[in-house]
Amino acid sequence: MSLSSLNAISPIDGRYRNKVNELAPYFSEQALIKYRVLVEIEYFIALCEIPLPQLKNIDTTIFDDLRKIYKDFSEDDALAIKKIESITNHDVKAVEYFIKEKFDVLNLSQYKEFIHFGLTSQDINNTAIPLSIKEAMNDTYVPEYFNVLNRLKSLTEDWASISMLARTHGQPASPTRLGKEIEVFVKRLEEQFNLLNDIPSAAKFGGATGNFNAHHVAYPNIDWKAFGSKFVQEKLGLQHSFPTTQIEHYDHMAALFDTLKRINTILIDLDRDIWTYVSMDYFKQKIKAGEVGSSAMPHKVNPIDFENSEGNLGIANAVFEHLSAKLPISRLQRDLTDSTVLRNVGVPFAHTLIGFKSTLKGLDKLLLNETKFAEDLENNWAVVAEAIQTILRREAYPNPYEALKGLTRTNTKINQDSISNFIDTLEVSDTIKEELKRITPSNYTGI
């Protein structure tokens, strides 16, 4: 059976594949192989640029042809490497052998043994994977993040003047404005994104146990630490982790995943709030011809996009949590648990993108029901009690909190008339009474 979206086990390669296609060039098996080839080729070129004595006579015009090996990397190339791997049972060694075959074609056979020279497989994996994550972040994650953020920013402006009843502990509370409540999420997202920008994309590059042992014993007069840092930072655009064991310690990658998780958590919070506002009839939803909301109840228009987002962001966070907790831990100089775990690194990114797109789709469906906002405010005049008792405190009125508590903490209906009548009984000036009567649930919204 050939793999298709209908028989794929994972929904990100099945039902949701069209929503995450843009991640395939970074997190698929073919992508991982391509990034490994990239690192191997650039490493060989860097050795030529030292130059090592055995490489000083190489024609540097061949570098463009070498780079074409990864720039023009195809599915057939990936399959060729997988065929080699079926014999070697080692994925990185298969890449080395593949490149050696390419060297034969380019008449570079005499230089083949400087492919993967002095390296361990983790020098390749621990540069290829951080590079793929960095590029996926820049090319796919960041644009989608800003799609959501900018939509929320526009809603803060659109809804800036919409007064609404706040609810703390689910109960009516001091009124607020809808735009401001959305702005809370905007600010939270921006602050976490700023933290995200401070996290370096780190990579290990230093041989079998991180000490450049093989490099140093072969060429003791070369500063291999400086070479490694220059290669990682200038050629690959990553931060060189040093010293390390055989593997990257993943502390920075864990910090990245933790921050991505917090951004997702903020959006889950938003999803649940908007879902609740829909259930309170604060929002209607745009209706699309032909769609149904329930197989049994024809009237239903469900807030499924926010539910879909919440579910996918939750799965993303569960995987991010495991990655950030597991990756920095490795027995002694290295065990293999990081390798199998990192093969799933694209999974939380995929679920995150699905979540982002679902939130955005849900936001674009919302229709403001201003009548319901006004109705809830009018039905909850008791919320102006805070304003009245605070002004009375200002005026040194005796026991104002207790007076308002006696008026409002009952099971009887509080409305504009009962508030006005209460104000009339207060022993304050007419000016203060007029000030108090100007306060309404709709205008008592703070700054």
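Biologist: Hi! Which helix is Asn264 found in?
Modeller: Hello! In this predicted model, Asn264 belongs to helix H11, which covers residues 251-279.

Biologist: And is Asn264 buried or exposed?
Modeller: Asn264 is buried, and its relative accessible area is 0%.

Biologist: Why does it count as buried?
Modeller: Because the relative accessible area of Asn264 is 0%, and buried means under 20%.

Biologist: Which residues is Asn264 in contact with, leaving aside neighbours within four places in sequence?
Modeller: With those neighbours set aside, Asn264 is in contact with Leu313, Ala316, Asn317, Phe320, Thr352 and Phe356.

Biologist: New topic! How many cavities of 30 Å³ or more are there in the whole structure?
Modeller: A search of the whole structure turns up one. The largest cavity holds about 70 Å³ of space.

Biologist: What lines the largest cavity?
Modeller: Its lining includes Leu32, Arg36, Asp91, Gln122 and Arg343. By type, the lining residues are three nonpolar, three polar and four charged.

Biologist: Which helices supply at least two residues each to that lining?
Modeller: Helix H3 (29-49), helix H7 (121-158) and helix H13 (337-342) do.

Biologist: What about pockets? What volume does the largest pocket have?
Modeller: The largest pocket has a volume of about 630 Å³. It is lined by 22 residues, and Asp13, Arg17, Phe27, Ser28 and Glu29 are the closest to its centre.

Biologist: Which elements give two or more residues to the lining of the largest pocket?
Modeller: Those are helix H1 (17-20), helix H2 (24-27), H3, H7 and helix H14 (346-365).

Biologist: And how do the residues of that pocket lining divide?
Modeller: The lining of the largest pocket has 13 nonpolar, five polar and four charged residues.

Methods:
Residues are numbered from 1 along each chain as its sequence is written. This is a predicted model: local features need pLDDT of at least 70, side-chain atom pairs count only at pLDDT 80 or more; totals for chains, interfaces and linings use all residues. Side-chain values use heavy atoms; hydrogens and water are left out. Helices (H or I, at least four residues) and strands (E, at least two) are DSSP runs, numbered from the N terminus. Buried means under 20% relative accessible area, exposed over 50%, partly exposed in between (1.4 Å probe, protein chains only). Contact means heavy atoms within 4.5 Å. On a 1 Å grid over the protein atoms alone, a cavity is a set of points where a 1.4 Å probe fits but cannot get out, and a pocket is an open set with protein on both sides within 12 Å along at least five of seven lines; lining residues have an atom within 4 Å of a point. Grid points are joined across faces, edges and corners, and a volume is the space filled by probe spheres set on the points. Ala, Val, Leu, Ile, Met, Phe, Trp, Tyr, Cys and Pro count as nonpolar, Asp, Glu, Lys and Arg as charged, and the others, Gly among them, as polar.
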